[in-house]
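Q: I have a model open on my screen and would like to understand the labels attached to it. Could you walk me through the reasoning behind them?
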Amino acid sequence: MKIIPISRPFLGDEEKDAVLAVLESGQLAQGPRVRQFEEAFAAMCGVQEAVAVSSGTGALMVALLAHGVGPGDEVITSPFTFAATANAVLFAGARPVFVDVSDADFNIDPSLIEAKLTPRTKALIPVHLFGHPCDMAAITALAERHHLAVIEDACQAHGAAVGERKVGSFGSGCFSFYATKNITTAEGGMITTNDPQLAERARIIRDHGQTARYRAETKGYNFRLTEIAAAIGLAQLARLPELNERRRANARYLSQHLQGVITPAERAGCYHVYHQYTVRVPSPRPDGSQARDTLSTRLERAGIQTAVHYPLAVHQQPYYRDLGYSDSLPVAERLSREVLSLPVHPALTPDDLERIVAAVNESPREA
Ligand SMILES: Cc1ncc(COP(=O)(O)O)c(C=O)c1O
């Protein structure tokens, strides 16, 4: 039986040739290809500047430091995300404050943010989870009213947009090029911004706070990207529109044919890039995950890989519990028991899609 994987990088001769050209050039560490990748990525997002870094986590860290976020500050973010979002805030020395999400799009609920603001709140990190843009009109209006920085965690949302405006152009954008993402460099990240001074600070922090060779003027670290990664990134970026369209076509097929599960919604005017295609499988008992777990076991047996993004909300992670987080965030907690991601990646064949639909629709939904 052919296994249908939950994700698969989409690479071809262009990426292979680009890597070989770097190896032959002798310039492996950050150089001209990194600069070219930054320029091409900034153009894709419709922003003035992009700064390449070694991971999405690094992008978040550098963006936080470049915005001056540090000890004593609070940063509002989503509890329903990969822990990297909040971990970056902790590593910057600040405190993540979690605001519950909406089950319509899995993203932070802007109507709940104001209640969590304090005089220490310095920034908001909305996360465009699974490739669906957050409600950026509401979030940017609130941020302007309260003079807060907006750092978009767009690690799962390359090319996603609200109307004509790409994510990563509303505030400072942070992207990941981890191997499973919509485009990859194996590991890598990017910060996008329309603020040239912020970009300059990010470039300095990325390279040990150096403003000139061996002259450190601020706290920094090694967050540099390699030329090999940038060369792969340039080839991948050229494929991005097509890869996103394939994901969207796969998602459309699944949503048209799946039965017995709650399929993901796309808010009017949004361009969802389906980094994940995540359905909800509610259990008869609202505190249980049996229905979801039963379905995932059946799909695994049918050779279809699935994943749970995420089985615990961030504030429920043991480490965050140890830090004293005891919030009750009911929507995020319920979603963690209901969600199941199905394969949606661009390498799926029509036959794969039919198999996924048949396996889901044939599974009894009792728990
Ligand atoms: C929402 C989110 N934020 C941050 C990250 C961190 O990115 P990276 O793994 O490149 O450090 C990821 C990806 O893994 C992510 O999905």
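Q: Why is phenylalanine 80 called buried?
A: This is a predicted model, and in it phenylalanine 80 has a relative accessibility of 0%. Buried means under 20%, so phenylalanine 80 counts as buried.

Q: How do you know whether phenylalanine 130 is buried or exposed?
A: The relative accessible area of phenylalanine 130 is 2%. The cut-off for buried is under 20%, so phenylalanine 130 is buried.

Q: What makes the pair of phenylalanine 80 and phenylalanine 130 edge-to-face?
A: Two values describe a pair of aromatic rings: the distance of the centres and the angle of the planes. For phenylalanine 80 and phenylalanine 130, the centres are 6.5 Å apart and the planes stand at 85°. Rings pair if their centres lie within 6.5 Å, and planes over 60 degrees apart count as edge-to-face, so this pair is edge-to-face.

Q: Which parts of the chain does this pair link?
A: Phenylalanine 80 is in the loop between strand E2 and helix H4, and phenylalanine 130 is in the loop between strand E4 and helix H5. The two are 50 residues apart, and the pair links distant parts of the chain. Ring pairs also join Phe80 and Phe130 into a cluster with Phe82, Phe106 and Tyr310.

Q: What makes the pair of phenylalanine 37 and phenylalanine 177 tilted?
A: The count comes to 15 aromatic pairs. One of them is phenylalanine 37 with phenylalanine 177, at 5.2 Å centre to centre and 45° between the planes. Stacked needs under 30 degrees and edge-to-face over 60, with the rest counted as tilted, so the angle of 45° makes this pair tilted. Phenylalanine 37 belongs to helix H2, while phenylalanine 177 is in the loop between strand E8 and strand E9, 140 residues apart.

Q: How do you know that the buried residues of H1 line one face of the helix?
A: Helix H1 covers residues 13-25, and its buried residues are Glu15, Ala18, Val19 and Val22. Seen down the axis of H1, these buried residues fall within an arc of 100°, so they line one face. As a general rule, an α-helix has 3.6 residues a turn, so residues three or four places apart point the same way.

Q: Why is arginine 337 called partly exposed?
A: Arginine 337, in helix H10, has a relative accessibility of 24%. Buried is under 20% and exposed is over 50%, so arginine 337 falls in between and counts as partly exposed. Leaving aside neighbours within four places in sequence, arginine 337 is in contact with Pro286, Asp287, Gly288, Ser289 and Arg292. Arginine 292 is 45 residues from arginine 337 in sequence, yet the two are 7.3 Å apart in space, C-alpha to C-alpha.

Q: Which element gives the most to the largest nonpolar core?
A: The largest nonpolar core has 26 residues, and Val62, Leu64 and Ile191 are among those with the most contacts inside it. H3 gives the most to this core, with seven residues.

Conventions
Residues numbered from 1 in each chain as written. Predicted model: local features only at pLDDT ≥ 70, side-chain atom pairs only at ≥ 80, totals over all residues. Heavy atoms only, no water. Phe/Tyr/Trp six-rings, centres within 6.5 Å; stacked < 30°, edge-to-face > 60°. Helix = DSSP H or I, 4+ residues; strand = E, 2+ residues; numbered from the N terminus. Buried < 20%, exposed > 50% of the residue type's maximum accessible area, 1.4 Å probe, protein only. Expected span 1.5 Å × (residues − 1). Arc of directions from axis to C-beta. Core = buried A, V, L, I, M, F, W, Y, C linked by side-chain atoms within 4.5 Å. Contact = heavy atoms within 4.5 Å.
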